[in-house]
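Please read the points below with the sequence and the model side by side. They are meant for someone who is looking at this structure for the first time.

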Amino acid sequence: MNSPIVTVVIGGLAVVGGIFALLNPLAATFTAERIAAWFFMIVGVLQIVSVFGGDGGMGTRILNVLIGIVSLIIGFSLFTNPLAGVLSLTLMVAFLFLAGGVSKIVLAFIAGISKFWLVALSGAISIVLAGMIFSNFPASAASILGVLLAIELISSGVSLISFGVAKREVPA
């Protein structure tokens, strides 16, 4: 298990990385695009390799190979045309925000949960964010992925720092 100090240091590095990403959102956007490209390529290779060691019938194996090939094609496309990749990923983020927002609002009404307004508000914020991306597209593509990466790094860093500090305060 990591020591609390290592956890705090990793959290601090994530916060610093997030601040750098906020200072240059365009560079962070292209970095996020490259990370996505690598993940698609790695997933594609692993999906194809899994065919040789997995159980399952011929239909399952063919489906796994097809999914692997599609992942490789997407990853290769992101590598060879990063600008188109940034545009595509930005649209995907906007649609995910929109779908997530609508889902949260529907859930809030259907479930009748005690924190109805918090869930509905979260859904409304997601829809507004999607609308902001759509209304300024394609210009929003230049920075939105970088800003989201920065927010994620800062959020994760702060949580790691607080977790590391809490681990130090708990007696063994």
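1. H1 passes H6 in a left-handed crossing, a crossing being left-handed if the near helix is turned anticlockwise from the far one by less than a right angle, and right-handed if clockwise. Helices here are DSSP runs of H or I with at least four residues, numbered from the N terminus. The axes of helix H1 (residues 4–23) and H6 come within 7 Å and cross at roughly 160°, where axes are lines fitted to C-alpha atoms over the stretch in contact and angles run from 0 to 180 degrees between N-to-C directions. That angle makes H1 roughly antiparallel to H6, a term used for angles over 145 degrees.

2. This is a predicted model, in which local features need pLDDT of at least 70 and side-chain atom pairs count only at pLDDT 80 or more, while totals for chains, interfaces and linings use all residues. Residues are numbered from 1 along each chain as its sequence is written, and side-chain values use heavy atoms, with hydrogens and water left out.

3. Arg168 is found in helix H6 and, at 60% relative accessibility, counts as exposed, the cut-off for exposed being over 50% and for buried under 20% (1.4 Å probe, protein chains only). Not counting residues up to four places away in sequence, Arg168 touches Pro4 and Ile5, contact meaning heavy atoms within 4.5 Å. The C-alpha atoms of Arg168 and Val86 are separated by 41 Å, and the two residues are 82 residues apart along the chain.

4. The largest nonpolar core has 12 residues, among them Ala32, Val86, Leu89, Val93 and Leu145; such a core is a set of buried Ala, Val, Leu, Ile, Met, Phe, Trp, Tyr and Cys residues joined through side-chain atoms within 4.5 Å. Two or more residues of this core are given by each of helix H2 (25–53), helix H4 (82–111) and helix H6 (144–169), and the largest share, four residues, comes from H4. Leaving aside neighbours within four places in sequence, Leu145 is in contact with Thr29, Ala32, Val86, Leu89, Thr90 and Val93.

5. Which residues does Gly101 touch, not counting those up to four places away in sequence? They are Gly123, Ser126 and Ile127. Gly101 has its place in helix H4 and is buried, with a relative accessible area of 0%.

6. Ser126 lies in helix H5 (residues 116–135) and counts as buried at 11% relative accessibility. Beyond its neighbours within four places in sequence, Ser126 is in contact with Phe97, Leu98, Gly101 and Lys104.

Definitions and conventions. Angles under 35 degrees count as roughly parallel, over 145 as roughly antiparallel, 65 to 115 as roughly perpendicular and the rest as oblique.
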